[in-house]
Amino acid sequence: SYILLFFAFSMMGWIWEVCLTLFSEGIFVNRGALFGPWLPIYGSGGVLILFLLQKVRNRPGITFILTMLICGIVEYGTALYLETFKHLKWWDYTGYFFNIHGRVCLEGLLFFGIGGLAFIYILAPFLVNIFRKWNSKLVKILCVFLVCFLICDFLYSSKHPNTGNGITSELVEKNDNS
């Protein structure tokens with residue numbers, strides 16, 4: 001179930017970001033560093049909150065705060081990794097209220113907190129019920145196929161990341177002498 005949930009959340013995140021760009025800028029942009037229809041940052045965050053917050057699920061307030069924290073760490077760490085090793089920014093929250101180095105901001109964290117609650121209490125149970133009805137051999141084949149395709153996408157994208165207008169911006173080095 002966790003593998004299928006990872007891909008479901010990754011694909012939903014991709015759809016969300018593509019739609020945001022489509023509606024705000026009027027253009028289709030394949031968001032993210034990879035080329036497939038997924039943003040693994042959403043899948044990773046979704047699976048992490050499901051796995052790590054099992055013991056506090058009966059306390060929505062704590063779940064909300066911890067979801068914001070976990071998703072914030074995932075988003076900040078991913079941005080730092082991409083900026084450090086790819087020398088590009090896939091997002092920049094500079095100018096947003098309560099941002100940390102432009103990598104995370106309060107607005108985004110609140111969105112992830114609310115979205116995380118929806119994942120934990122509504123979407124994940126709904127999807128798991130659907131997945132349980134599927135043929136187990138089909139599920140295994142589907143999981144192997146998706147993981148292999150993601151690995152191929154990751155390997156290709158590690159050398160040739162998805163970049164360009166509406167996707168990335170150049171990392172501007174700050175001069176300490178100014």
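**Core packing and aromatic pairs**

Q: Which residues does Phe9 touch, leaving out those up to four places away in sequence?
A: In this predicted model, Phe9 touches Tyr42, Gly43, Gly46, Val47, Leu50, Phe119, Leu123, Ala124 and Leu127.

Q: Which members of the largest nonpolar core touch the most other members?
A: They are Leu5, Phe9, Ile49, Leu50, Leu53 and Leu127, in a core of 23 residues. H1, H2, H3, H4 and H5 each give two or more residues to this core, and the largest share, 7 residues, comes from H4.

Q: What does a second, separate core include?
A: That core has 10 residues, among them Ala79, Tyr93, Cys105 and Ile167.

Q: Back to H4: where is its kink centred?
A: The kink, of about 45°, is centred on Phe119. Phe119 is also one of the buried residues of H4.

Q: What do the buried residues of H4 pack against?
A: They pack against helices H1, H2, H3 and H5, and against strand E3.

Q: Changing topic, how many aromatic pairs are there in the whole structure?
A: The search finds 14. In one of them, the ring centres of Tyr2 and Phe51 are 6.1 Å apart and the planes lie at 80°, so the pair is edge-to-face.

Q: Which parts does that pair tie together?
A: Tyr2 lies in helix H1 and Phe51 in helix H2, so the pair ties together parts 49 residues apart in sequence.

Q: And Trp14, buried or exposed?
A: Trp14 is buried, at 16% relative accessible area. Its ring forms an edge-to-face pair with that of Phe28, which counts as exposed at 54%.

Methods. Residues are numbered from 1 along each chain as its sequence is written. This is a predicted model: local features need pLDDT of at least 70, side-chain atom pairs count only at pLDDT 80 or more; totals for chains, interfaces and linings use all residues. Side-chain values use heavy atoms; hydrogens and water are left out. The bend at a residue is the angle between axes fitted to the seven residues ending there and the seven starting there. Helices (H or I, at least four residues) and strands (E, at least two) are DSSP runs, numbered from the N terminus. Buried means under 20% relative accessible area, exposed over 50%, partly exposed in between (1.4 Å probe, protein chains only). Contact means heavy atoms within 4.5 Å. A nonpolar core is a set of buried Ala, Val, Leu, Ile, Met, Phe, Trp, Tyr and Cys residues joined through side-chain atoms within 4.5 Å. Rings of Phe, Tyr and Trp (its six-membered ring) pair if their centres lie within 6.5 Å; planes under 30 degrees apart count as stacked, over 60 as edge-to-face and the rest as tilted.
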